[in-house]
Amino acid sequence: MSVPWYRRITKGPSRQKKRDIPKGVWLKCKDCGEVLYEGQLRRALWVCSKCNYHFRIPAKQYFEILLDQGSFGELYQDLSPADPLGFRDTKSYVDRLNASQKKTGLKDAAIVGTGSVEGIPIAIGALEFSFMGGSMGSVVGEKIARIMDHGREHRMAVVTITSTGGARMQEGILSLMQMAKTAGAVARLVRDRVPFVSILTHPSTAGVLASYASLGDIMIAEPKALLGFAGPRVIQRTIGQELPDGFQRAEFFLDHGMVDMVVPRKELKSALHKVLRFFSPPGE
Ligand SMILES: [Zn+2]
């Protein structure tokens, strides 16, 4: 008996060839749908060449992009989270922590340390979104506050890179207390006249934006990053009004004076260097 024609087509060589393409070599832009070659995307620092969409990248990659090669030295990496409330939702907090630690190789969602930008020393901290949505619990708050104090004591500008959904609900009120702690550390920077540059990436929201991340002397955001306290749907339901176009995007924040610059990732280092130079005492 002959094989039906449709079966022959579905088993044809072109289909076989498609399956041979190794996974992850081609990626679809999450914004415009353009199919992009991974190697090219990596060289473009994970920015879509067609629509300028900025893919989310790991915290560590920002250190590579912003800091002079080999200049980063991590600090306070031994701080690890506890579960003081014995919290459980669909999973226990301890299980969530273990899974994130295994996935990222980090103890918690913040990486902090020192490095230099074109020779200018800075204290720097970044949030890792793939660790429980970059959420701020006790360890994240403590590390951010400590790196700010470190920068202040050593008279180095402080730079933070934010990528977060906000406070970590699994630590309840202890997470909310980090808002006061980190904002207090910023107040000490202000008092001692040490510059603080806050870089916001997609997304930078809720308890983190409502504390230290919006308190930078200079606020820089990546294009199209979602910024805000509550999400757009919650606001729309609460006020019962249509929200304007581009509401809560970086460009909207720029238009309304909440950020100072919207800078594409490729220009982030030179923009940061310019800002740091501006704050450097003459002759340094
Ligand atoms: Zn795109």
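Trainee: In which helix is the place of Val-94?

Mentor: This is a predicted model, in which local features need pLDDT of at least 70, side-chain atom pairs count only at pLDDT 80 or more, and totals for chains, interfaces and linings use all residues. Residues are numbered from 1 along each chain as its sequence is written. Helices (H or I, at least four residues) and strands (E, at least two) are DSSP runs, numbered from the N terminus. Val-94 has its place in the helix formed by residues 93-104, which is α5.

Trainee: Is Val-94 buried, exposed or partly exposed?

Mentor: A residue is buried if 20 or more other C-beta atoms lie within 10 Å of its own, exposed if 12 or fewer, and partly exposed in between, with C-beta atoms placed from the backbone. Val-94 has 15 other C-beta atoms within 10 Å, so this residue counts as partly exposed.

Trainee: How many helices and strands does the protein have, and what percentage of its residues count as buried?

Mentor: By secondary structure, the protein has 11 helices and 10 strands. The C-alpha atoms fill a box of roughly 85 × 50 × 45 Å, taken along the principal axes. Of the 284 residues, the part that counts as buried is 37%.

Trainee: Why do the buried residues of α4 line one face of the helix, and within what arc do they fall?

Mentor: Helix α4 (residues 59-66) has Ala-59, Tyr-62 and Leu-66 as its buried residues. The arc is that of the directions from the helix axis to the C-beta atoms. Seen down the axis of α4, the buried residues line one face because they fall within an arc of 45 degrees.

Trainee: Which elements do the buried residues of α4 pack against?

Mentor: Packing can be followed through contacts, and two residues are in contact if their C-beta atoms, placed from the backbone, lie within 7 Å. The partners of the buried residues of α4 are β4 (110-117), β5 (120-127), β6 (157-164) and α11 (268-279).

Trainee: How many bridges join β4 and β5, and in which sense do they pair?

Mentor: Two strands pair if DSSP finds at least two bridges between them. β4 and β5 form a hairpin with 2 residues between them, and Glu-118 in the turn has a positive phi of about 50 degrees. The bridge partner of Ser-116 is Pro-121 in β5, while that of Ala-110 is Leu-127. The two strands are joined over 8 bridges, and the sense is antiparallel.

Trainee: Why is β5 largely enclosed by the rest of the structure, and how many of its residues are buried?

Mentor: β5 also pairs with β6, in the parallel sense over 5 bridges, and Ile-124 stands opposite Val-159 in β6. β5 is largely enclosed by the rest of the structure because the buried residues among its 8 number 6.

Trainee: What is the handedness of the β-α-β unit that β5, α6 and β6 make?

Mentor: A crossover is right-handed if, with the strands pointing away from the viewer, the path from the first strand over the helix to the second runs clockwise. With helix α6 (residues 138-153) between β5 and β6, the unit is right-handed.

Trainee: Which residue is joined to Pro-203 by a cis peptide bond?

Mentor: Pro-203 lies in strand β7 (residues 196-205). The cis peptide bond has an omega of about -15 degrees, and the residue that it joins to Pro-203 is His-202.

Trainee: Is Ala-206 buried or exposed?

Mentor: Ala-206 lies in helix α8 (residues 206-209), and its phi is near 55 degrees, a positive value in a residue other than glycine. There are 21 other C-beta atoms within 10 Å of Ala-206, so this residue is buried.

Trainee: Does Arg-193 count as buried or exposed?

Mentor: Arg-193 is found in the loop between α7 (172-191) and β7, and its phi, near 60 degrees, is a positive value in a residue other than glycine. Arg-193 has 10 C-beta neighbours inside 10 Å, and therefore counts as exposed.
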